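Please read them with the sequence and coordinates open.

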Protein chains: 2
Amino acid sequence: MLQNANFHHGKEATNVAFIDREPHCLLGLFKKLPIERLAAGQSLFFEGDPAKGVFEVVEGSLRIFKIISDGRRVITGFLHAGDIIGVSLKDRYLYSAEAITDIRIRRISRKSFDAEVANSPELRPEVFARLCDEMAAAQDQVVLLSRKNAEERVCTFLLKELLRVLCDGRGDLVIELPMTRLDIADYLGLTIETVSRTMTKLNKKAIVVPAGRHSIRILKRSGLAQLAGNDDENGGSRMEMAPHLKSLRH
Amino acid sequence: MLQNANFHHGKEATNVAFIDREPHCLLGLFKKLPIERLAAGQSLFFEGDPAKGVFEVVEGSLRIFKIISDGRRVITGFLHAGDIIGVSLKDRYLYSAEAITDIRIRRISRKSFDAEVANSPELRPEVFARLCDEMAAAQDQVVLLSRKNAEERVCTFLLKELLRVLCDGRGDLVIELPMTRLDIADYLGLTIETVSRTMTKLNKKAIVVPAGRHSIRILKRSGLAQLAGNDDENGGSRMEMAPHLKSLRH
DNA sequence: CGTAAGTTTGACACGGATCAAGTTATGTGG
DNA sequence: CCACATAACTTGATCCGTGTCAAACTTACG
């Protein structure tokens, strides 16, 4: 996990002046390290493996997932360029990581990473902030899986992907979705059929238009946001809710 | 969140020697602080409020939850004695916290907390460890909500509660469940009716026996574990899974 | 006791899963 | 570059688990 919130990833790869002295940010830790490559479908590590490395995604996308008893797969997140994998771990990886596309990554040993962070009062807040963002994302996912129906789930997902690429600069409303329908289904707690049907429905509503198998054009961002059913726009739970009235929800 | 993993909470309240010098653990930070009380049903803070405090639960239980647009409530966790609330936050609370029972808590300002942690190389690993445990718990919840059916959810919940109280010492297999059925339902992504029916079913299977409204006796812990469908017992996802075979899952 | 909140139980409905074809991309070897 | 093979995706028919609605029951408490 550890999606980067607002980084223009790789942009600061140009000014490499200070990095050997003291990195200003987490990504700086990786600058000097060699690039490794992984082909689409290859595994970076497995759930339960000793967490020996921390990784920066330089290019491409990964899925992180758990497999439960009977073989069911739960994708807990997608990772893209600029993200860092493996911070929120103690000794073992909590999940497996697999390349969706061909990827380029940099690797730092957990020992070095921990040492660098421990020694740098500048880095610690960034680690903490990333952990908090990751936590917030996990909770959003809990809300999605607890209470949202198929349409809300798909719209939430598309909106999130849209916001991610908008941060990357271009204002174009075409999102790349490198992952398969099965990946999306396993991420949203649905089946591929339901994801597919929901996409078709959104298309008929003229909210999105498919643009090839792995990208999609957003026609009505507002419509997406509305159907996503996020609580972001309303006042949240700020208003007092008298305990004896709670049962009114049902 | 931030359930304590294995603390015998309150036990070390007896040796108060060092705490004003340098606390050995996070809970030590709270030792000197006055106890505050909150009656059952009262709110500790609301989602979106400035995160001004960090709290130790001294006695009693709380629920933490989010309310989404149309009033639906998602409980993201329960807190009990020894737990700490408010670590994984930046400036605003991500959720509301409400007392389930009458509770006793201690409060420290976020400023003091951050300062103490920043100054103590002893405390930082503990904060980090608690964040990681919290993250792992959130991911378990994602797995539960993604792919588990009602029976698996309820069994997972009961098993977790069982393990929690077993850590507290006594080997008795009666668990206290201070929360209501509605709380459990909102935590497991179900309705009260489904929770109730599932409990009845587990009773008929002679796995549990109700012992008053707010406690339950576990007859077959192994049966619970089996029905919970955790991946803990199998080899996890260690075995290589050839990419072209993945679709066999469906 | 009597009232209300919490819980259980039953009947029924419906959203999404499952099962089954059919269709469209993606690649691969001739 | 085309023909073919295969994986990925879409669409349709049906089923089932859980939600919804309603009512009875139990517990807590004034």
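**DNA strands, chain interface and local contacts**

Q: How far does a polar side-chain atom of A:S196 lie from a phosphate oxygen of DNA strand D?
A: This is a predicted model, in which local features need pLDDT of at least 70, side-chain atom pairs count only at pLDDT 80 or more, and totals for chains, interfaces and linings use all residues. Residues are numbered from 1 along each chain as its sequence is written, chains are lettered from A and ligands numbered from 1 in the order in which they are written, and side-chain values use heavy atoms, with hydrogens and water left out. A polar contact is a pair of N or O atoms within 3.5 Å; within protein, one must be able to donate a hydrogen and the other to accept it, and residues adjacent in sequence count only if both atoms are side-chain atoms. For A:S196 and the phosphate oxygen of DNA strand D, the distance is 2.7 Å.

Q: Which residue has a side-chain N or O atom 3.2 Å from a sugar or linking oxygen of DNA strand D?
A: A:R181 has a side-chain N or O atom 2.8 Å from a phosphate oxygen of DNA strand D. The sugar or linking oxygen at 3.2 Å is instead paired with the side chain of B:R213.

Q: Which part of DNA strand D, sugar and phosphate or bases, holds 65% of its atoms within 4 Å of the protein?
A: There are 17 residues around DNA strand D, and among those that come nearest are A:R197, A:T200 and B:T194. The bases make up the rest of the atoms within 4 Å, while the 65% belongs to sugar or phosphate.

Q: How many residues lie around DNA strand C?
A: Those that come nearest are A:A150, A:T194, B:R181, B:S196 and B:T200, out of a total of 16.
Sugar and phosphate account for 65% of the atoms of DNA strand C within 4 Å of the protein. The number of residues around DNA strand C is 16.

Q: How far is a polar backbone atom of A:A150 from a phosphate oxygen of DNA strand C?
A: A polar side-chain atom of B:R181 lies 2.7 Å from a phosphate oxygen of DNA strand C, and the side chain of A:T191 has an N or O atom 3.0 Å from one. For the backbone of A:A150 the distance is 2.7 Å.

Q: Which element gives the most to the surface near DNA strand C?
A: By class, that surface has two nonpolar, seven polar and seven charged residues, where Ala, Val, Leu, Ile, Met, Phe, Trp, Tyr, Cys and Pro count as nonpolar, Asp, Glu, Lys and Arg as charged, and the others, Gly among them, as polar. With four residues, the element that gives the most is α5(B).

Q: How much area do chain A and chain B bury between them?
A: Contact means heavy atoms within 4.5 Å, and 63 residues of chain A are in contact with 64 residues of chain B. Buried area is the accessible area (1.4 Å probe) that two parts lose on being put together, summed over both. Carbon and sulfur atoms hold 57% of a total of about 5,800 Å².

Q: How many salt bridges does the rule find across the interface of chain A and chain B?
A: A salt bridge is a side-chain nitrogen of Lys or Arg within 4 Å of a carboxyl oxygen of Asp or Glu. B:K66 and A:D140 form one, their closest N and O atoms being 3.9 Å apart. Over all chains the count comes to 36, and across the interface of chain A and chain B it is eight.

Q: How many residue pairs are in polar contact between chain A and chain B?
A: Both residues of a pair must be at pLDDT 80 or more to be counted here. On that basis the count is twelve.

Q: Which elements of chain A each supply at least two residues of the side that touches chain B?
A: Strands and helices both take part. They are β4 (62-67), β5 (73-79), β7 (96-99), α2 (123-147) and α4 (181-188).

Q: Which element supplies the largest share of the side of chain A that touches chain B?
A: The share amounts to 18 residues. The residues of that side divide into 25 nonpolar, 17 polar and 21 charged. The element with the largest share is α2(A).

Q: In which helix do A:E126 and A:R130 both lie?
A: Side chains of opposite charge can pair when their charged atoms come close. A:E126 and A:R130 form a salt bridge with closest N and O atoms 3.7 Å apart. They are four residues apart, about one turn of the helix, and the helix is α2 of chain A.

Q: At what angle do helix α1 and helix α2 of chain B pack?
A: Axes are lines fitted to C-alpha atoms, for helices over the stretch in contact, and angles run from 0 to 180 degrees between N-to-C directions. Residues that meet include B:F113 and B:V117 in α1(B) and B:L123 and B:V127 in α2(B). The axes are 7 Å apart, and the angle is about 115°.

Definitions and conventions. Near = heavy atom within 4 Å.
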